[in-house]
Amino acid sequence: MEKVVLLLIALGACSHVTEAVLPILMWHGMGDSCCNPLSMGSIKKSFENLIPGVYVHSLEIGSTVTKDTENGFLMNVNDQITEACAKIKADANLANGFNAIGFSQGGQFLRAVAQRCPEPQMHNLVSVGGQHQGVYGFPKCPGENSTLCELVRKALDVGAYVSFIQDHVVQAEYWQDPFNYNEYVQKSVFLAEINNEQTYKPEYKTNLQKLTNLVLVRFLRDTMVQPSISEWFGFYAQGTDKETIAMQETNIFKKDLLGLREMLDAGKIHFLASDTDHLRFNQTFFEKQLLPWFK
């Protein structure tokens, strides 16, 4: 009888280990920072309160919160991805894998992490308003720094595909002009590359398919992201900024550049919607729609 009890205790301990929740990696959006108590700080606390014992790492790009915010506008995205990958590898708490959540541009940045830096393993990626096919418009720049917003607007007006602007203005690096697709493919230093529209990299497809789930959250009344269907991997049809097409009608899907077809068929891609403006979800939406992917 004593051996049976010891065996049950051992089995219980094993069960506890296997059911332990994975740590969470977060990446904020434009105009925000890793640790803003009204945004990322609040979400981090929500995760910690609702998932007891969970470890949450909110990415800070740069050495200070101020630099983190500025870098969301003015640091080359590829350099940001490199820094993020280094910080992930340096965090021992993430060594055995993690789930990730990206807000706005943080969504596509974390997808780049999954494709370029497959170790440690990212399991679930929740993209909350991420622009995976980019944007064609910059109507409402968020955050408290109106000077940076105006600087970015002026740069995009000059020319999103001008080399200097591509290298230094974050939002230009995921700008896709539906009237000039070839120029976008040739000159985009980030989005076209990470979407495998330039030199094809089979590892991008292989690594993305390692995700257990890719959760795409779209804001149906989005006044910031144009077009909002980019949050579901769709975009404008080529040659128009009026007609939009779904993910399944895009070149990326039809040419199977990222393995989205296989992921969709395998039930790995999930489309969620919030009938609100950009990132304007409430606690109920957070707990019912987002939280389950981290438990």
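## Loops and backbone

Pro227 sits in the loop between strand S5 (213-219) and S6; helices (H or I, at least four residues) and strands (E, at least two) are DSSP runs, numbered from the N terminus. The peptide bond from Gln226 to Pro227 is cis, with omega near -5°. This is a predicted model, in which local features need pLDDT of at least 70 and side-chain atom pairs count only at pLDDT 80 or more, while totals for chains, interfaces and linings use all residues. Residues are numbered from 1 along each chain as its sequence is written, and side-chain values use heavy atoms, with hydrogens and water left out.

A cis peptide bond also runs from Glu119 to Pro120, with omega near -5°. Pro120 belongs to the loop between H5 and strand S4 (122-128). In the loop between strand S3 (98-103) and H5 lies Ser104. Ser104 is not a glycine, yet its phi is positive, at about 50°.

## Helices H4 and H5

Helix H4 (residues 77-90) packs against helix H5 (residues 105-116) at an angle of about 65°, and their axes are 10 Å apart. Axes are lines fitted to C-alpha atoms, for helices over the stretch in contact, and angles run from 0 to 180 degrees between N-to-C directions. On the H4 side the contact (heavy atoms within 4.5 Å) is made by Val77, Asn78, Gln80, Ile81, Ala84, Cys85 and Ile88, and on the H5 side by Phe109, Ala112, Val113 and Arg116.

## Helices H2 and H13

Helix H2 (residues 40-50) and helix H13 (residues 283-290) pack with their axes 12 Å apart, at an angle of about 55°. H2 is therefore oblique to H13; angles under 35 degrees count as roughly parallel, over 145 as roughly antiparallel, 65 to 115 as roughly perpendicular and the rest as oblique. H2 contributes Ile43, Ser46, Phe47 and Leu50 to the contact, and H13 contributes Gln283, Phe286 and Glu287.

## The second largest pocket

The second largest pocket has a volume of about 160 Å³. On a 1 Å grid over the protein atoms alone, a pocket is an open set of points where a 1.4 Å probe fits, with protein on both sides within 12 Å along at least five of seven lines. Grid points are joined across faces, edges and corners, and a volume is the space filled by probe spheres set on the points.

Lining residues have an atom within 4 Å of a point. There are 14 of them here, and the closest to the pocket centre are Gln176, Tyr236, Gln238, Ile245 and Asn251. Strand S6 (235-236) and helix H11 (251-254) are the elements that give two or more residues to this lining. H11 supplies the largest share, three residues.
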